[in-house]
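Take a moment to look over the sequence and the fold. Then follow the paragraphs below with the structure in view.

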Amino acid sequence: MAEMEAVHAKVRRYTSPDEYPFSSNLPKPVLPPLKFPQLLYPNTINLNSTLKKIYIEKVIPSLCKEGDDKNYGSSTTKDIEALQILSRRIHFGKFVAEAKFQDPKTQQEYIRLIKAKDRDGIEALLTNRAVEERLLKRLRLKAFIFGQEIDETITGTDLAAAMDEASWRAPGTPLTEKPATLLSEKKKIRKIDPDLVVSIYEQFVIPLTKDVEVEYLLGRLEYFPDFKPTL
């Protein structure tokens, strides 16, 4: 990972405000710098060490069968690619947090909670359960479609059922629990279980994104009211 990120650093990948390396002491870019909009206050928030630990200890064991297929090289490159994509997604929470802080309807409440260092209160304020529900439904549909061989037996009814939450999650079931009933679908060999994808996102990706948002907001008042996002 360090060797790959060193190459990426030379072509200025980590000068972008939405890219964060897992490695330290990387070389400086050999390309001239680009000018990006100043949308975030200066910060060093980076949760990649936590993400990497969760990926190795939780995600990989849930995705992979036991055994050794000897494909170390290709597995490693795909793991690095997956980690970098997840890192970008999680740290995008900074932009979400800034947008929420700029909302005049909630800014004063954010300021009050930040001054009180109320992490739980900040997380509760920024959480929108309805949005999370919609996100997980879309995610499951994508996993349902792309996690199988597409052939002439796939029908519009199949896709509608995949999108119908009632067909795979019992009414009133909390998001953090595994669905009690699975989608009634044709028996197919799947590349990945859609419910597993939802579970990984629900248990790890969303919480880490919220951690980034909370950390960003806790430091926001150091640059308030002087800093304002500029395009």
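**Pockets, helices and a buried aspartate**

The lining of the second largest pocket holds eight nonpolar, two polar and one charged residues. Here Ala, Val, Leu, Ile, Met, Phe, Trp, Tyr, Cys and Pro count as nonpolar, Asp, Glu, Lys and Arg as charged, and the others, Gly among them, as polar. Among the lining residues of this pocket are Pro17, Tyr20, Phe36 and Lys94. Its volume is about 170 Å³.

This is a predicted model, in which local features need pLDDT of at least 70, side-chain atom pairs count only at pLDDT 80 or more, and totals for chains, interfaces and linings use all residues. Residues are numbered from 1 along each chain as its sequence is written, and side-chain values use heavy atoms, with hydrogens and water left out.

A pocket is an open set of points on a 1 Å grid over the protein atoms alone, where a 1.4 Å probe fits, with protein on both sides within 12 Å along at least five of seven lines; lining residues have an atom within 4 Å of a point. A volume is the space filled by probe spheres set on the points, which are joined across faces, edges and corners.

The largest pocket has about 1700 Å³ of space. Its lining counts 49 residues, and Val59, Ala82, Leu86, Ile200 and Val205 lie nearest its centre. H3 gives the largest share, 13 residues. Helices (H or I, at least four residues) are DSSP runs, numbered from the N terminus.

Now turn to H4, residues 93-101. Its buried residues (under 20% relative accessible area, 1.4 Å probe, protein chains only) include Lys94, Phe95 and Phe101. The buried residues of H4 pack against H3, H5 and H9; contact means heavy atoms within 4.5 Å.

Which residues are buried in H5? They are Gln107, Tyr110, Ile111, Leu113 and Ile114. They sit on the same side of H5 because they cover an arc of only 170 degrees around the axis. The arc is that of the directions from the helix axis to the C-beta atoms. The face turned away carries Gln108 and Lys115, which are exposed, that is, over 50%.

Finally, find Asp18 in the loop between H1 and H2. Asp18 counts as buried because its relative accessibility is 12%. Its side chain makes a polar contact with that of Ser16 at 2.5 Å, and another with that of Arg88 at 2.6 Å. A polar contact is a pair of N or O atoms within 3.5 Å; within protein, one must be able to donate a hydrogen and the other to accept it, and residues adjacent in sequence count only if both atoms are side-chain atoms.

Methods:
Helix = DSSP H or I, 4+ residues; strand = E, 2+ residues; numbered from the N terminus.
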